[in-house]
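Here is a briefing on one protein chain. Look over the sequence and the model first, then read the points below.

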Amino acid sequence: MGWRMKFADLRPTLLTKTSTLSELGDEEAGSTDKGIGRLTNPERRAKLKKQRKEAKKLVKELEKVEEVQQTPQAAVLAEVKEDLIAEEAFENKKRKLAELGMALLANPEPNIKSLKEMLQISKDNDHAIAKLGVLSMLAVFKDIIKRYRIRLPTEKDLEMKVSKDVKKMRFYESTLLSAYKVGEKSVLT
């Protein structure tokens, strides 16, 4: 029973201490705004509203700072991605030139249309790709050009009836000559 008595005796003092602490907190808050007394409900709402606005402003400022810090990183990342894409495109074009050249060297007559693709690649805006295209065509021409004189067929030659093999040979030779002329012009310019 002795302990109950002691606890009962302490209870009123604890309540008064906590109530005075909360009043002090309210008074201190009120003293900064008003000077003396407690804040009324509309004043508290106004104060909370003001604090929220200030917090939002701080958050916006922090976001701006983060954006400024991320912007150089984002710019660098975009630049690196652009370089990787350009490098990948360069490698793809090199690979395509190699495939076309190998196909032409392996079997020139059926793959003669690959020369037109090589010409398109050699007209690229990238100087390095254009140079590789022209050099690839040079290597192909060096290996597949006939040992005899090639000329375009005249109108008289075109009127004559010829076999399928002769037609194939004429198509091959005319494609070879036209590609050579275009390639020669691109080298000279």
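P153 touches L158 and R170, once residues up to four places away in sequence are set aside. This is a predicted model. P153 is found in the loop between α4 and α5.

- P153 and R170 are 17 residues apart along the chain. Their C-alpha atoms are separated by 7.4 Å.
- R170 is also a contact of D157. The other listed partner of D157 is R151, with neighbours within four places in sequence left aside.
- D157 lies in helix α5, which covers residues 155–159.
- Is D157 buried or exposed? D157 has a relative accessible area of 16%, so it counts as buried.

- Helix α6 spans residues 164–188 and holds G183.
- Which residues does E173 contact, beyond its neighbours within four places in sequence? They are Y148 and I150.
- G183 is buried too, with a relative accessible area of 6%.
- G183 touches L119 and M137, not counting residues up to four places away in sequence.
- G183 and G133 sit 50 residues apart in sequence. From C-alpha to C-alpha, G183 and G133 are 9.3 Å apart in space.

**Packing of α3 on α4**

- Two packed helices are described by the angle between their axes and the distance between the axes.
- Helix α3 runs over residues 114–122, and helix α4 over residues 127–144. They pack at an angle of about 150 degrees. Their axes are 7 Å apart.
- That angle makes α3 roughly antiparallel to α4, because angles over 145 degrees count that way.
- Is the crossing of α3 and α4 left-handed or right-handed? The crossing is left-handed.
- On the α3 side, the contact is made by L115, M118, L119, I121 and S122.
- On the α4 side, the contact is made by I129, A130, G133, V134, S136, M137, V140 and F141.
- How do the residues of this contact divide by type? There are 10 nonpolar, 3 polar and no charged residues.
- L119 of α3 and M137 of α4 both belong to this contact. Both L119 and M137 are also touched by G183, and G183 lies in α6.
- G133 is likewise one of the α4 residues that meet α3.

**The chain as a whole**

- How many helices and strands are in the chain? There are 6 helices and 0 strands.
- Read along the sequence, the pattern is α-α-α-α-α-α.
- The chain has 189 residues, and 16% of them count as buried.
- The chain exposes about 15,600 Å². Carbon and sulfur atoms supply 59% of that area.
- Take the contacts in the chain between residues at least 6 apart in sequence. Of these, 57% join residues at least 24 apart.

Notes:
Residues numbered from 1 in each chain as written. Predicted model: local features only at pLDDT ≥ 70, side-chain atom pairs only at ≥ 80, totals over all residues. Heavy atoms only, no water. Axes fitted to C-alpha atoms, helices over the stretch in contact; angles between N-to-C directions. Helix = DSSP H or I, 4+ residues; strand = E, 2+ residues; numbered from the N terminus. Parallel < 35°, antiparallel > 145°, perpendicular 65-115°, else oblique. Left-handed = near helix turned anticlockwise from the far one by under 90°. Contact = heavy atoms within 4.5 Å. Nonpolar A, V, L, I, M, F, W, Y, C, P; charged D, E, K, R; others polar. Buried < 20%, exposed > 50% of the residue type's maximum accessible area, 1.4 Å probe, protein only. Areas by Shrake-Rupley, 256 points an atom, 1.4 Å probe, with all protein chains shown as cover.
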